[in-house]
Every structure is written in structure tokens, then in C-alpha cells.
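These are my notebook entries on what I looked up, in the order in which I looked.

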There are 2 protein chains.
Amino acid sequence: MSEKFDPKALWSLSYGLYIVSSMFEGKTNGQIVNAVIQVTAEPPQIAVSLNKETLTHLLVEKSGLLSVSILDQNTPMTMIGLFGFRTGREVDKMSRCGHKLGIDGCPVVIDHTVATIEGKVVKSIDVGTHTIFIAEVVSGELLTDETPMTYQYYHTVLKGKASDKAPTFRGGQPKKKREEKAMKFVCDICGWVYDPEAGDPDNGVEPGTAFEDIPDNWTCPVCGVGKDEFSPEE
Amino acid sequence: MSEKFDPKALWSLSYGLYIVSSMFEGKTNGQIVNAVIQVTAEPPQIAVSLNKETLTHLLVEKSGLLSVSILDQNTPMTMIGLFGFRTGREVDKMSRCGHKLGIDGCPVVIDHTVATIEGKVVKSIDVGTHTIFIAEVVSGELLTDETPMTYQYYHTVLKGKASDKAPTFRGGQPKKKREEKAMKFVCDICGWVYDPEAGDPDNGVEPGTAFEDIPDNWTCPVCGVGKDEFSPEE
């Protein structure tokens, strides 16, 4: 690596936000992906970069099938958290989300989805931590005329973060200790913010509860990690 | 291809707008590309899909070097036309555009550029009409804090079109015959619009000149094609 490398240069590349899903021997899963591009027009083929450690990678590798759901701008953080920060080895994601079966039996998420693309893998390229799957498009449907979510919108408006398995992972932030009372706390994993004024009433935490007073078994409502993964907001 | 294929599904994928440049044995060139993604974080690698017929493809293939210039939202259509719709076999693009030499001697466009990325090709994947080049990033610089141009902005605000060599080419439009006098005419190649009220004074066409009265040797100020490539605006 050259001395002239500023990682922010890569952060200016533009992406959307997608759920890539697959299925093998009855096991289904899906995950948030930003690295999806169309690579040829005739025939239409797409490329998808997936981290080798994910369950979705395993299912795509085994079945040769994948679907892409292009998320709309109103996709809630809880849905992004479920697909982006939880593993399908611990939670059945499809059971918590509207989906259909694609023409090859592959699940296709349709909640908050602008358009769906189904593909059959024709090539797999090992690029180290990730595999790039090249898939020929076998089906494509436009579901709504909503605005697609962009990665830029996710980062700047929703204050979302990249998973440590994303090809665009930007590294962790150093933790800081501050006066905790009545302060907002940020999930280090998914970026969700706990506001003491609002509490988390859906999960039994009343408005007005300081972060330190939340029960220790409480978990992030978006990505499910424990209190020790939260840091005081800057 | 399935009957359930609506090409508009693919149009909802999000991209930026970039110039990919290269050099081999003293010959330089660059072209507009939308299909650029980061595919791994450690080490940082990017993937770029290039049409095999382009000069830039040939130069990248021969040299194993490429640079990516991330264009800003104010990039003029004339610059996009030069790099997106002209071939480097006929015009020396770099001589018409601000650029620097990268650390490996590869040209890097810096006009209207938010950030630059330089890479060395580590893999080339044949995907039919295009090759996907995987490049390890050897340099990256943030040049400005301007807003990056998105493909969405290019299509909807600037009314730009995709080149027939783009992986996202959407096909040609059928020509229609209409009353031509005082009508606006659209370039079928690049999407630039001739407005008779404005004329094209930079190229000797006075405001108020009907399209039919423009001299036959006049060419599109953006992409350089002749009058016969224009159609009446819908």
C-alpha cells in the first residue's frame, strides 16, 4: 500500500442498499449487501461481492442461486439491522420478513423492495476475504415506484454503519468514557442511538430511563447486541 | 431468459459516474464507467466492468494499470460526452482535460473529480461482452468535498443516456417523424438536446436557428455525431 492512500477516497463511490438471499436444502437466508452491479447488458448479468464467512455466501456457493431485493428509502433500521447485523445461523430471518419464492425456489424479500432480481451463478471469483459471484439474470420485477435507498442516504441520513463483513467496512471507532447520566448512547455495531428521553418502550424500557439504569439483559433493538457494545454519543 | 423479466428492475440499482483511465506504451485514454465497486476492505480491492471493444479496455489489459476518477455532480455534459461517447482511437482525450500522472505513470483525471483511486490489476474475469478487472488499490486521494455525481442524477437531472457499450445500456429509441420547425431535437447517442431558441453559438449556430437550418457539417457539441443522429423531442 502506498503512502498516498486515504481510505476516504473509496468512500466516495456510490452504491445502493440491497438484500441478497439464497436457499440450499431447505435452509434460507439473506443479508444486506451494497456491492451489486450490472456487468453486462446482453445477456444481463450482475456481480455481487459476499464475505466468505456469511451463511448467505455458503448458500449461494452450494445452490448457485441468488436473489437481489433493491430496498427503498423508507426501509426501517430494524429491517436493515436484522439482515445486516444478525447471522442466519442464529435467527430465521425470512420468517420475520415478507418474502416470496422465486422461480428456482430461492427466497426473494419483498418488504420495502423497489425491484427484485433473480440470478443463476455462472462464475465465482475468489478475491480473498470475499467471493464475487457473477449471476445471469433469470427474472426481474419492478414492485413499486418508491425511491431506492442509497448507501449515501443510509450513512448520512439514517446514521447507519457498515458491517465488519462489508467490503466497504471502515474500521471500528475508539471507545470514549464520559458522564453517562441522561446521555445518548450509540450502538458500536449497527449505529442505532439510545435516547434516554425516548427510552425503548417496545422492549420494556420506559422513557426517561438513563442508559446505566437499563437492565443488563436488554439488547439493541436493531442488531441484538448487549449493553457493553454501546458507547456515549460524541 | 424468463418471461418474468422487466429490464426496469435492473435500472433501480444505484451507481456513481466515474472516469476509468489507463496507459500503455505512451498511449493514454479514459472512459466513463458506472460499474465500479469496492469488493474487499482488507486489502482494499475494486472491481471495474469494461466493454472489450473500448480502447481503455485494451490499455488496462496490456498494462495492468488503471485509475478511477470519481466525478462530481457539476461535471459538464461536454466532459461526460468526451469520455463517454467519443473513442480514444480518434481523439486524444487527456489533452483536453486536467489530469496528473499516477504513481505508476497511469493518467488520472482530476477535473471535476471528488477523489481518485489508482489500482493494479490482480485478476481479469471474462464475462462475455465485458471484462471485470479486479484491482488492488495502490493509492487513493480525496481532492474536494463536492457531492459525487450519481448515475440517477445523470439520468434524471442531466437527462443523460447510457452508451451502447455500457453494461447498463437500455437499448435505442425508435425514431419518430414530426413537424421539425422550431422543435427541440435530441441526440440519439448522448441525449444532448438542441433548443432552437438557444442555438449553439459556441459552434456558429445563432440563437433562433431551426434544427433543419443548421449546416449539414454541424456535429453534436457533446458527442460529435452528425445531424442525422438527432430525433425530434417527444
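**Entry 1: a tyrosine in chain B.** I began with B:Y154, which counts as buried because its relative accessibility is 3%, and the cut-off for that class is under 20%. I kept in mind from the start that the model is a predicted one. I found B:Y154 in helix α4 of chain B. I then listed what B:Y154 touches, leaving aside residues up to four places away in sequence, and wrote down B:L17, B:M77, B:I80, B:F85, B:M149, B:K159, B:G160, B:K161 and B:C190. I also looked up B:F211, which is 57 residues from B:Y154 along the chain, and noted that the C-alpha atoms of the two are separated by 25 Å.

**Entry 2: helix α3 of chain B.** Helix α3 of chain B spans residues 77-85 and is mostly covered, with 7 of its 9 residues buried.

**Entry 3: salt bridges.** By the rule I used, the count comes to 9 salt bridges over all chains, and I looked at several of them.

- In chain A, the side chains of A:E141 and A:K100 meet in a salt bridge at 2.7 Å, N to O. Because A:E141 lies in strand β9 and A:K100 in strand β6 (residues 99-101) of chain A, the pair ties together parts that are 41 residues apart in sequence. A:E141 counts as partly exposed at 23% relative accessibility, and A:K100 counts as partly exposed at 22%.
- In chain B, the side chains of B:D126 and B:K52 meet in a salt bridge at 2.8 Å, N to O. B:D126 belongs to strand β8 (residues 113-126) and B:K52 to the loop between β4 (45-51) and α2 (55-63) of chain B, so this pair ties together parts that are 74 residues apart in sequence. B:D126 is partly exposed, with a relative accessible area of 42%, and B:K52 is partly exposed as well, with 36%.
- Also in chain B, the side chains of B:K227 and B:D216 meet in a salt bridge at 3.9 Å, N to O. Both B:K227 and B:D216 sit in the loop between β11 (193-194) and β12 (230-232) of chain B, 11 residues apart. B:K227 counts as buried at 13% relative accessibility, whereas B:D216 counts as exposed at 71%.
- I noted one network of salt bridges, which links B:E53, B:D164 and B:K165.

**Entry 4: where the two chains meet.** How many residues of chain A are in contact with chain B? I read off 55 residues of chain A, in contact with 55 residues of chain B. Chain A and chain B bury about 4400 Å² between them, and 65% of that area is on carbon and sulfur atoms. A:K4, A:I37 and A:Q38 supply 14% of the area that chain A buries against chain B, which is more than any other three residues give. Between chain A and chain B the count is 0 salt bridges, while the rule for polar contacts finds 16 residue pairs across the interface, both residues of each pair being at pLDDT 80 or more. On the side of chain A that touches chain B, the elements that give two or more residues are α1 (8-11), β3 (36-40), β4 (45-51), β8 (113-126) and β9 (130-142) of chain A. The largest share of that side, 9 residues, comes from β9(A). By class, the side of chain A that touches chain B has 32 nonpolar, 15 polar and 8 charged residues.

**Entry 5: how the copies are related.** I found that a rotation of 180° with 0.0 Å of shift along its axis superposes chain A on chain B, with an RMSD of 0.1 Å. That is the relation of a two-fold axis. In chain A, the C-alpha nearest the axis is that of A:Y15, 2.7 Å from it. I also noted that 100% of the interface residues of chain A are interface residues in chain B too, so the copies meet through the same surface.

Terms used:
Residues are numbered from 1 along each chain as its sequence is written. Chains are lettered from A and ligands numbered from 1 in the order in which they are written. This is a predicted model: local features need pLDDT of at least 70, side-chain atom pairs count only at pLDDT 80 or more; totals for chains, interfaces and linings use all residues. Side-chain values use heavy atoms; hydrogens and water are left out. Contact means heavy atoms within 4.5 Å. Buried area is the accessible area (1.4 Å probe) that two parts lose on being put together, summed over both. A salt bridge is a side-chain nitrogen of Lys or Arg within 4 Å of a carboxyl oxygen of Asp or Glu. A polar contact is a pair of N or O atoms within 3.5 Å; within protein, one must be able to donate a hydrogen and the other to accept it, and residues adjacent in sequence count only if both atoms are side-chain atoms. Helices (H or I, at least four residues) and strands (E, at least two) are DSSP runs, numbered from the N terminus. Ala, Val, Leu, Ile, Met, Phe, Trp, Tyr, Cys and Pro count as nonpolar, Asp, Glu, Lys and Arg as charged, and the others, Gly among them, as polar. Buried means under 20% relative accessible area, exposed over 50%, partly exposed in between (1.4 Å probe, protein chains only). Copies are superposed by least squares on the C-alpha atoms of residues with pLDDT of at least 70 in both.
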